[in-house]
Structures are given as C-alpha cells and as structure tokens.
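Have the sequence and the structure side by side for this walk-through. The text goes from the whole chain to its core and then to its surface.

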Amino acid sequence: MDTFSSFFDSQSRSQWNYNTLKNFRQISPIVQTHLKKVYLTLFCALVASAFGAYLHIIWNIGGYLTTFACFGAIIWLHSTPPCQEQKRVSLLMASAVFEGASIGPLIDLAIQIDPSVLVAAFVGTALAFACFSGAAMLARRREYLYLGGLLSSGVSMLLWLHFASSIFGGSTALFKMEIYLGLLVFVGYMVVDTQDIIEKAHLGDLDYIKHALTLFTDFVAVFVRILIIMLKNSAEKGERKKKKRSD
C-alpha cells in the first residue's frame, strides 16, 4: 500500500495544469505516433470484444470453448512474425471476440439485473484506464517499472487464493479479497504496462499489436472485477429493500 500511496503523492507534488497535461517532451515523436496506433488498435479490440459479448447474448456461445479459443489466438499471434501485420491484427481481433464471448455470461447477468450497472462499470474502467495511463505517460521514464515485481507477487497471491478456494471451498471473505486484490493488481499493471510500452518503443520495439493486446488484457481484467463488485453491491441493496418491505 505504501508503494501505491507514493505513486499518488508523487503525482500530487507536480503542478497539474494545462501545460503539464500537454507536456510529452520526454516521449519522442516516433513513440507518440506508436502510442496513437496502440490506442487505436486497443479501441478496435474493445469494439470486437463487445461484438463477442453480443454474440453470446444472441447464441449463448460463451464458455470454456471460447476461453481456450482466445488463448489459442493469443499464442498464434505471438508466434506469428511481425512482418505479417494483417494476419496479426486479425488474430488480435479474433482473440478479442472470443474474450468478449467468454465474459458474455457475466455481461448477460448484468443486463438482467440492472443494465445501468454494466454502463457504470465500463465508464468507471475507461476513466481509471485513462487516468492511470495518462499518469504513467506524464511521469518520469521508468519511474514505476519497479512496481512490476510487486504486481507479479500479487498475481501469484491471486493464483494461490484461487487454488485454495477451489480445494477447501470458497468463503465470502476469500472471494472479496480475491476480487479487490485483483482489481488493485491490474490497475497497477495499467501504469506499469504503459511505461513498459513507452520504454520498449524508445528502444525500438514498435510492435503496436502486441502492446495493444497487453493493454486490452489489463482493461478487461479491471472491467470484470469492477462489474462483479458493482453487481454484488446491487444484489445486496436489493436484498435490503426486500427485507424492509417484508418488515
């Protein structure tokens, strides 16, 4: 927690004004062009993911099969040479469609309970992504890359928590810990991955498709956790209202 609080403290010490928000002098023009391509590709992937979720709502195709298909498309993308750009973009969009279909059951549940929760979760995720990615761009180069080790430890803890809950049975407290810790970890990855992409681009790695996939994974991970939290809170509010009416 001290590490993440230092992140906000360092940002608050800087003078946040219009000139600060325009200050990308530490990012070269080539890298700025690369980032535009990354975020444009990310936007297209999000649209493709929404289409995949829509396909699930119509045909109920989401499940283990689409999850494995998503992993297969990602592995295929990484094994494809960068020179085959069109093929790699197609594989990215395919993996996004499969990912959208995989989280389709959760989205379908949100629509049935309260569609406004789905909209609020997406807007909240988009705002968090914009804020943390923007903060990573405005910060000094490589300033937050050291968080990668801490976040990797967080991912390891999440895996062990999931493993323990699957063997010994999950509890409400364990589930909440897994959700909130996962949200914290992947929000941190938004910052680290953004700075990592910038640093790799400065070193000559201009693979915008792979970088867009990294940010897409972070976005979906945060969105799913925010949506689960909001659905749980909405369900608890509904139960409280029912109790009041019965009393």
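The paragraphs below take up the overall fold, the confidence of the model, the nonpolar core and one surface patch.

This is a predicted model. The chain has 247 residues, and 40% of them count as buried. Its secondary structure amounts to ten helices and zero strands, so that reading from the N terminus gives α-α-α-α-α-α-α-α-α-α. Among contacts between residues at least 6 apart in sequence, 86% join residues at least 24 apart.

Confidence comes next. The mean pLDDT of the chain is 87, and 89% of the residues reach 70 or more. Over residues 10-16, pLDDT stays under 50. For that stretch the model has nine contacts beyond four places in sequence.

Turn now to the interior. In soluble globular proteins, nonpolar side chains tend to be buried together. Here the largest nonpolar core has 61 residues, and those with the most contacts inside it are Leu35, Leu92, Phe216, Val222, Phe223 and Leu227. At least two residues of this core come from each of H3, H5 (85-102), H6 (104-113), H7 (115-138), H8 (147-168), H9 (172-202) and H10 (208-246). H10 supplies the largest share, 16 residues.

Which residues does valine 222 touch, leaving aside its neighbours within four places in sequence? They are Thr125, Leu183, Phe186, Val187 and Met190. One of these, valine 187, has its place in helix H9. Is valine 187 buried or exposed? Its relative accessible area is 13%, and the cut-off for buried is under 20%, so valine 187 counts as buried. Apart from neighbours within four places in sequence, valine 187 is in contact with Phe132 and Val222. A further pairing shows how sequence and space can part ways: valine 187 and phenylalanine 129 are 58 residues apart in sequence, while their C-alpha atoms are 7.7 Å apart in space.

The last stop is the surface. The chain exposes about 14200 Å², of which carbon and sulfur atoms supply 66%. A nonpolar patch on this surface is formed by Phe51, Tyr54, Ile58, Trp59 and Ile61, which together have about 560 Å² of accessible area. Isoleucine 58, a member of the patch, lies in helix H3, which covers residues 29-59.

How values were computed:
Residues numbered from 1 in each chain as written. Predicted model: local features only at pLDDT ≥ 70, side-chain atom pairs only at ≥ 80, totals over all residues. Heavy atoms only, no water. Helix = DSSP H or I, 4+ residues; strand = E, 2+ residues; numbered from the N terminus. Buried < 20%, exposed > 50% of the residue type's maximum accessible area, 1.4 Å probe, protein only. Contact = heavy atoms within 4.5 Å. Areas by Shrake-Rupley, 256 points an atom, 1.4 Å probe, with all protein chains shown as cover. Patch = residues over 30% accessible without salt bridge, like charges linked within 9 Å, V, L, I, M, F, W, Y side chains within 5 Å. Salt bridge = Lys/Arg side-chain N within 4 Å of Asp/Glu carboxyl O. pLDDT = per-residue confidence, 0-100. Core = buried A, V, L, I, M, F, W, Y, C linked by side-chain atoms within 4.5 Å.
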